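Q: Please go through this model with me term by term, setting each value against its cut-off before drawing a conclusion.

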Amino acid sequence: MLRHRSLISLLNNVHRQTCHLRPPSHNLVRTDFLCKFNRCYSKKSGGANDESSNKTPRITPSAATYKSPVDNRGSSSSTSYKECHPGTQKVNSEIQSCNRPNPVSACPPPDCAHEESAAAQARKNNKRLLAAILLTAGTCYTIWKLQPESNKEKIDVKTSRKSAKSVPVKIPSTSSEIPAHVPYLLVGGGTAGFSAFRAIKSLDAKAKVLILSEEGYLPYMRPPLSKEVWYDPDSEKKDELTFKQWNGSEKSLFYEPEDFYISPKELDENPNGGVAVARGWRVERIDPFKRIAYLEDGHEIKYEKCLLATGAKPKSLNIFSKAPEAIQKHITTFRGIPDYVELNEIVKETDSIAIIGGGFLGSELACALSRRASLENPKLKVYQIFKEPGNMHKVLPEYLSLWTTNKVAKEGVHIIAGSEVQDVKLEGNEVSLMLNDGKKVSVNKVIVAVGVEPNTYLAEKSGLEVDPDCGGFLVNAELEARSHLYAAGDCSCFYDIKFGRRRVEHHDHAVISGRLAGENMVGAGKPYLHQSMFWSDLGPDIGFEAIGIVDSSLPTVAVFAKASEKDSPKAIVAESNDNIRSNLEAQNVSTTSSSPSPVNTQKTSAENTGTDDYGKGIIFYLRDELVVGIVLWNVFRRMTVARQVLKDDRKYDDLNEVAKLFHIFDE
């Protein structure tokens with residue numbers, strides 16, 4: 001009803017403006033829908049005792065005057081403006097009276113002098129009013145039509161989730177809920193930060209630890225994001241951040257459930273300490289001398305000990321980073337949960353994906369996405385494009401790299417080796433990749449997996465050194481970058497007493513370096529002496545673990561044996577129920593049985609062409625005839641043995657005998 005009255009009021013205002021009418025100076029009595037009323041106009045009489053004036057029962061303010069239209073003789077007269085009720089007003093013969101035409105309704109036939117002009121004006125006013133009504137109605141209809149836009153907003157939210165990574169939600173929402181002082185501050189919520197706070201709490205049970213994570217998630221493990229999470233249909237998952245290990249048991253990506261942590265605003269008052277995570281918050285600068293971390297909004301956090309565990313960020317290629325925005329919407333990198341969530345939606349409905357890069361991540365993703373396609377989206381084609389001759393060519397000997405490429409192709413991946421992207425164009429809804437050999441590959445989505453670089457954005461503003469060769473924050477043997485300020489994980493560049501200054505980007509290094517930094521923050525004062533390992537799985541059937549300097553440019557000596565069903569990533573996870581294989585430190589085993597002659601391969605060797613069956617084996621990497629790196633190919637729980645071989649730092653006359661230590665010939 002209120003809306004109806006408002007519309008009537010609007011129409012009345014439009015009518016007045018259109019017909020150039022003044023607003024009434026007094027209240028009018030509404031007698032019908034359009035407030036019809038009659039007015040009488042009379043000439044002002046000469047005396048105060050005028051009969052018509054005296055007998056008028058209802059008189060409007062007598063001061064109001066009305067100028068009558070000019071008559072045919074060019075004269076005009078002024079009349080008093082009066083309102084009267086028809087039939088009660090007596091009009092003498094000297095008074096010329098009439099009913100003024102109502103511009104809204106039908107007018108009675110006028111018999112006034114201004115008959116023709118008033119009628120014409122009424123018709124004009126009616127037309128104007130009709131146009132105003134139509135315009136108002138059209139406007140109201142348009143507003144009503146736009147009301148259901150809330151549905152479009154929901155669609156846009158879903159689309160934005162697939163097309164672009166959203167800004168992390170800040171938890172807590174304001175920095176006022178983040179403590180202004182903490183004993184232990186960890187910048188970065190990845191594996192190194194998680195390992196550090198576990199070490200701190202193990203040595204100081206009542207420690208108060210604050211983690212500042214730029215991501216909107218609690219600490220989680222990254223390795224499964226390119227492996228196990230893709231090997232089950234998405235529809236079978238309880239939630240998108242739960243996955244099945246190779247043995248079928250379910251596991252969450254998060255190291256600890258949410259109720260393990262306490263709220264940041266409760267950290268300061270909790271007498272028993274605890275670990276709090278402020279998610280979505282970025283540290284812009286650190287003053288290592290005042291021991292203050294500054295958040296993006298200027299909030300200051302005073303710390304006693306601080307760890308930089310900012311990790312690494314994916315690299316891209318200039319040809320993609322400099323492409324127009326319309327093309328970049330089809331290009332993405334892959335690093336964390338937001339990338340996985342986005343890609344998981346895309347895989348369900350797209351027709352083609354190209355992965356650029358033949359290293360660990362590119363090869364793992366290629367196999368994983370192809371396997372997911374066979375389960376949920378058979379129309380999906382997965383391409384893998386890289387400039388090397390074979391998969392993981394920078395790590396594996398050439399013959400083993402080519403053999404691995406054949407295995408990846410059997411997973412359904414379209415391998416395009418020895419090729420680089422020279423140009424990129426947008427054709428409809430597809431990105432056309434022009435290769436250096438003249439080929440063109442058109443896909444809906446491109447994933448760039450060409451490595452990472454340390455996330456050292458804090459260095460310049462905080463006055464910290466970055467290694468010019470390896471990258472990463474320079475730290476000493478105790479992982480200190482400054483007094484009371486440590487760095488661990490992918491972002492740190494440490495001194496290896498065996499191999500010199502290094503930076504390692506693998507899970508095990510993040511675990512061990514984070515743990516050591518946490519212990520040293522409590523006061524342990526230990527040097528970093530660990531030789532970290534890394535691993536990769538190309539599905540549940542092929543996997544390897546490695547340690548030391550593993551570089552395909554080095555000479556290698558390999559010893560292989562026939563594999564059994566027990567020699568696979570799936571089997572080792574079934575045995576240990578742990579998908580993080582750096583957790584499985586095996587004990588030394590005794591040597592048994594004899595062995596065949598080792599396969600000696602140099603970088604330029606063409607003895608093996610990838611047709612052999614390399615079921616399981618040990619590959620030794622040599623420098624100056626010393627073993628500096630070892631790959632355990634489908635051999636598991638023997639990393640302790642490999643670490644001891646490197647530690648011995650000696651020349652071996654017969655590496656066949658060394659291979660026996662890994663027990664690869666047992667049935």
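Q: Why is Cys367 called buried?
A: Buried means under 20% relative accessible area, with exposed set at over 50% and partly exposed in between, using a 1.4 Å probe and protein chains only. Cys367 has 1% relative accessibility, so it counts as buried. Cys306 is buried as well, because its relative accessible area is 0%. Please keep in mind that this is a predicted model, in which local features need pLDDT of at least 70 and side-chain atom pairs count only at pLDDT 80 or more, while totals for chains, interfaces and linings use all residues. Residues are numbered from 1 along each chain as its sequence is written, and side-chain values use heavy atoms, with hydrogens and water left out.

Q: How many disulfides does a search of the whole structure find?
A: A disulfide is taken as a pair of cysteine sulfur atoms within 2.5 Å, and the search of the whole structure finds zero of them.

Q: What makes strand β25 largely enclosed by the rest of the structure?
A: Strands are DSSP runs of E with at least two residues, and helices are runs of H or I with at least four, both numbered from the N terminus. Strand β25 covers residues 492-496, and four of its five residues are buried, so the rest of the structure largely encloses it.

Q: How do you know which strands pair with β25?
A: Two strands pair if DSSP finds at least two bridges between them. Strand β22 (residues 473-474) is joined to β25 by two bridges and runs parallel to it, with Phe473 bridged to Ser492 of β25. Strand β26 (residues 500-502) pairs with β25 in the antiparallel sense over three bridges, where Tyr495 has Arg501 in β26 as its bridge partner. β25 and β26 form a hairpin, with three residues between them.

Q: Why are β17 and β19 said to stand at the edges?
A: The open sheet has three strands in the order β17-β18-β19, with antiparallel pairing. Both β17 (421-427) and β19 (440-443) have a single partner strand, so one side of each is left without a neighbour in the sheet. Neighbouring strands of this sheet are turned by 20° against each other on average, direction ignored, the axes being lines fitted to C-alpha atoms. Between β17 and β18 (residues 430-435) there are six antiparallel bridges, and Asp423 has Met434 in β18 as its bridge partner.

Q: How many helices and strands does the protein chain have?
A: Its secondary structure comes to 16 helices and 32 strands, and of its 667 residues, 48% count as buried.

Terms used
Axes are lines fitted to C-alpha atoms, for helices over the stretch in contact, and angles run from 0 to 180 degrees between N-to-C directions.
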